[in-house]
Amino acid sequence: SAASDVYKRQARQESVRLVAGAFEGWAARDLDAMIADLSEDFIQWHSHIGREFSLGEHQALVSKVLDHAVLDYHDIGYIALGNGEAVLVQCLCDVRVSGGGEARDVPFGLVYHLQGGKIVRCDEYMDGASLPDMGFLAED
């Protein structure tokens, strides 16, 4: 029905709005904006690290990355999946690490999962081998 289609379209648009706010907050190095719409039990999975991070662990990882690297995301696209229960973010990223390492146009694909108006999970896919040395991630 037309009403059902309108509801689906609105749900998809709202999901993209929430994800864009979180992703653009991260891209702008604004951690408050990045976490504003994440659930308390949010999980972040990184393909190149190969494990899940809780919200607290993810915030610590992000802070460490921002202390040692500059990430410039570009060519960003958002695609709502289903009725907005997930949003795919596709982009490229230029990475510069303090100490001189650099990589350009690293492709990223992130799948954000939403529930109850909050982002509950993000699965991040990227070619970790294309990144400059990020040995600082192993430091404590």
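A residue counts as buried here when its relative accessible area is under 20%, and because Ser39 has a relative accessible area of 8%, Ser39 is buried. The model is a predicted one, and every value in this report is computed from it.

**The chain as a whole**

The secondary structure of the chain comprises three helices and six strands, and from the N terminus on these elements follow the order α-α-β-β-α-β-β-β-β. With a radius of gyration of 16 Å, close to the 14 Å that the globule rule gives for 140 residues, the chain is as compact as a globular protein of that length. Taken along the principal axes, the box filled by the C-alpha atoms is roughly 55 × 30 × 25 Å. Of the 140 residues, 38% count as buried, and the accessible surface comes to about 7500 Å², of which 50% belongs to carbon and sulfur atoms. Among the contacts with a separation of 6 or more, 52% are made by residues 24 or more positions apart.

**Helices H1 and H3**

H1 has 26 residues and reaches 37 Å from its first C-alpha to its last, close to the 38 Å expected at 1.5 Å a residue. The buried residues of H1 are Ala11, Ser15, Leu18, Val19, Ala20, Ala22, Phe23, Gly25 and Trp26, and they pack against H2, H3, E3, E4, strand E5 (102-115) and E6. Just after H1, Arg29 takes a positive phi of about 65 degrees.

H3, which spans residues 55-68, has 14 residues and extends 20 Å between its first and last C-alpha atoms, close to the 20 Å expected at 1.5 Å a residue. Its buried residues are Leu55, His58, Leu61, Val62, Val65 and Leu66. Because they cover an arc of only 135 degrees around the axis, these residues are on the same side of H3. An α-helix has 3.6 residues a turn, so residues three or four places apart point the same way. The partners against which the buried residues of H3 pack are helix H1 (2-27), helix H2 (31-35), E1, strand E2 (51-54) and strand E3 (69-81).

| Residue | Relative accessible area | State |
|---|---|---|
| Ser39 | 8% | buried |
| Asp123 | 9% | buried |
| Arg96 | 36% | partly exposed |

Ser39 lies in strand E1, residues 38-46, and its side chain makes a polar contact of 2.8 Å with the side chain of Asp41. Leaving aside neighbours within four places in sequence, Ser39 is in contact with Leu55, Lys118, Ile119 and Val120; of these, Leu55 is one of the buried residues of H3.

Asp123 belongs to strand E6, residues 118-126, and a polar contact of 2.7 Å joins its side chain to that of Arg121. Not counting residues up to four places away in sequence, Asp123 touches Trp45, Gly109, Leu110, Val111 and His113.

Arg96 is found in strand E4, residues 86-97, and, with residues up to four places away in sequence again left out, Arg96 touches His68, Ala69, Val70, Gly101 and Glu102. The C-alpha atom of Arg96 is separated by 19 Å from that of Ala60, and these two residues are 36 residues apart along the chain.

Methods
Residues numbered from 1 in each chain as written. Predicted model: local features only at pLDDT ≥ 70, side-chain atom pairs only at ≥ 80, totals over all residues. Heavy atoms only, no water. Helix = DSSP H or I, 4+ residues; strand = E, 2+ residues; numbered from the N terminus. Buried < 20%, exposed > 50% of the residue type's maximum accessible area, 1.4 Å probe, protein only. Polar contact = N/O pair within 3.5 Å; in protein donor to acceptor, adjacent residues only side chain to side chain. Contact = heavy atoms within 4.5 Å. Expected span 1.5 Å × (residues − 1). Arc of directions from axis to C-beta. Rg over C-alpha atoms; globule rule 2.2 N^0.38 Å. Areas by Shrake-Rupley, 256 points an atom, 1.4 Å probe, with all protein chains shown as cover.
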